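Thanks for coming. I will keep this short, so please look at the structure while I talk.

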Amino acid sequence: MIYLDNAATTLRKPPEVIQAVVNAMNQMGNSARGTHDEALAASRIIYETRELLSDLFGCPRPDHVIFTSNSTEALNTAIYGMISQGDHVISTDMEHNSVLRPLYRLEREREVSLSFVPADEGGTICYEEFERQITPRTRAIVCTHGSNLTGNLVDLVRVGEIAKKHKLLFIVDASQTAGVFPIDMEKMHIDVLCFTGHKSLFGPQGTGGMCVRPGLDIVPLKVGGSGVRTYEKIHPKELPVGLEAGTLNGHGIAGLGAGVRFIKDTGMEMIRRHEEKLARVFYEEVCQIPGIQVYGDFQADCRAPIVALNLKDYDSSEVSDELAQGYSIATRPGAHCAPRMHQALGTVEQGAVRFSFSWFNTIEEVHTAIRAMKELSQ
Amino acid sequence: MRKKELKYLVTFHTTTGAMAMEKYCKQQQLPGRLIPVPRQISAGCGMAWAAPPESREVIHSMLIEQKMDVDGEYEIWI
Ligand SMILES: Cc1ncc(COP(=O)(O)O)c(C=O)c1O
């Protein structure tokens, strides 16, 4: 089987990740719930993972790395916890439903108004639009670092400058880029960086989190057990516990820590170059096959290792199913939880077949996928 | 691409519904498999059970009997 659905989740994980989860399941008590060796073992591993992530993302403090079950929960926490009645928020057409739906909900529940920086038919946005959309009520820019459909990236330095200049909160969805592209919260003026553990960070599903700039006030989605200040009626505000009510996914977090360590040991640039090469080779070949249309901006220097395409007017579901049944190649068809992006690309009806590459894919696998597309197009 | 065939399709509101369907059909040795939902159909979840049209009757009565979480039933060329 050739797995090319890494933008959904990375299937192949470094062996260290699997070992770390197994070890954790054999050793870990409940973090922050006592000081016997087993509880401390959990606290230590979770703390180490916070350190690794704060270092990876340039988060000023490890205790401002908050763990959630995925980026969806992190985005909901950030958006729900900071946007108030009547605020205006700027986002983009590139977003995933994990950004859009929390925003649409606030539109209904808190009379929040929304503006979207439009994407063109190549899926790219115009940066001047961010400033044009600003009103006196604008509170935040919420935007993705990379489109999960086209692989197009957003220049976070540029958007961050705009957010800083106009004193807006800057909330970033790094689901598709964390671990592959450099992210520096300080340099990019990011207030909240949301990430998921199970994609390019190589962690288990059920891990993810948010890095929070010190000094922000985020109202938690949930309150409850914290292991501290048991007799107070109000959940403690200090981070990370303020946004982490309930027992953490310690076993998963141990795996996520091992994933980040693997990235650091291997070298993020090394990983990125390999993945970019696979995507580039695939793109260069398939874009020449008659009847294939590829979506996204391939002139850009930097892009996530994703190639979304359609074959003639075949249903993307049919093409993806043929790839799976006839060639054992796993891709994702249909709509990719990015409704505005499909509208911009004109693929609402057809969907798109998405090929997404990872460090564990080989160039041979890419050539097999190219051959498969050539055969299917005949 | 392969030739189109006529199929009997069942769609579900949720992925859980599709999983229940697959498990039950396997147990009972009913024909078919899960495929991505074709675009002609707008359905709750991204999966559909595709089976030969001859099996429509027996599967249809099973869906009712087992109270499967069905969104729709179709016969289409895919
Ligand atoms: C850009 C983007 N945002 C958010 C998400 C949601 O990630 P998760 O399902 O891990 O919460 C994804 C992944 O599907 C994504 O690609």
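I start with chain A, where residues 24 or more positions apart account for 70% of the contacts with a separation of 6 or more. Contact here means heavy atoms within 4.5 Å. Before going on, some ground rules. This is a predicted model, in which local features need pLDDT of at least 70 and side-chain atom pairs count only at pLDDT 80 or more, while totals for chains, interfaces and linings use all residues. Residues are numbered from 1 along each chain as its sequence is written, chains are lettered from A and ligands numbered from 1 in the order in which they are written, and side-chain values use heavy atoms, with hydrogens and water left out.

Back to chain A. Its secondary structure comes to 11 helices and 12 strands. Helices (H or I, at least four residues) and strands (E, at least two) are DSSP runs, numbered from the N terminus. What is the radius of gyration of chain A? The value is 21 Å, which agrees with the figure near 21 Å for a compact globule of 378 residues. That radius is taken over C-alpha atoms, and the globule rule is 2.2 Å times the number of residues to the power 0.38. Along the principal axes, the C-alpha atoms of chain A fill a box of roughly 70 × 55 × 30 Å.

Next, the surface. In chain A, 58% of the 378 residues are buried. Buried means under 20% relative accessible area, exposed means over 50%, and partly exposed is in between (1.4 Å probe, protein chains only). Chain A exposes about 15800 Å², and carbon and sulfur atoms supply 49% of that. These areas come from the Shrake-Rupley method with a 1.4 Å probe; for residues, only the protein chains shown count as cover.

Now a few places in chain A. Met270(A) is found in helix α8, residues 268-286, and counts as partly exposed because its relative accessibility is 47%. Trp359(A) is 89 residues away from Met270(A) along the chain, yet their C-alpha atoms are separated by 9.1 Å.

Where is Pro240(A)? Pro240(A) sits in the loop between β8 (208-212) and α7 (250-266).

His189(A) is not a glycine but has a positive phi, near 55°. The loop that holds His189(A) runs between β6 (169-173) and β7 (192-196). Ser328(A), also not a glycine, has a positive phi of about 55°, and lies in the loop between α9 (316-327) and β11 (329-330). Ser328(A) is partly exposed, at a relative accessible area of 37%.

On to chain B. Its pattern along the sequence is β-α-β-β-α-β. The radius of gyration of chain B is 12 Å, close to the 12 Å that the globule rule gives for 78 residues, so chain B is as compact as a globular protein of that length. Of those 78 residues, 38% count as buried. Chain B exposes about 4500 Å², with 53% supplied by carbon and sulfur atoms.

Last, confidence. The mean pLDDT of chain B is 92, and 97% of its residues reach 70 or more; pLDDT is the predictor's confidence in each residue, from 0 to 100. Where pLDDT is low, the predicted coordinates should not be read in detail. For the complex, the predictor gives an ipTM of 0.83 and a pTM of 0.94.
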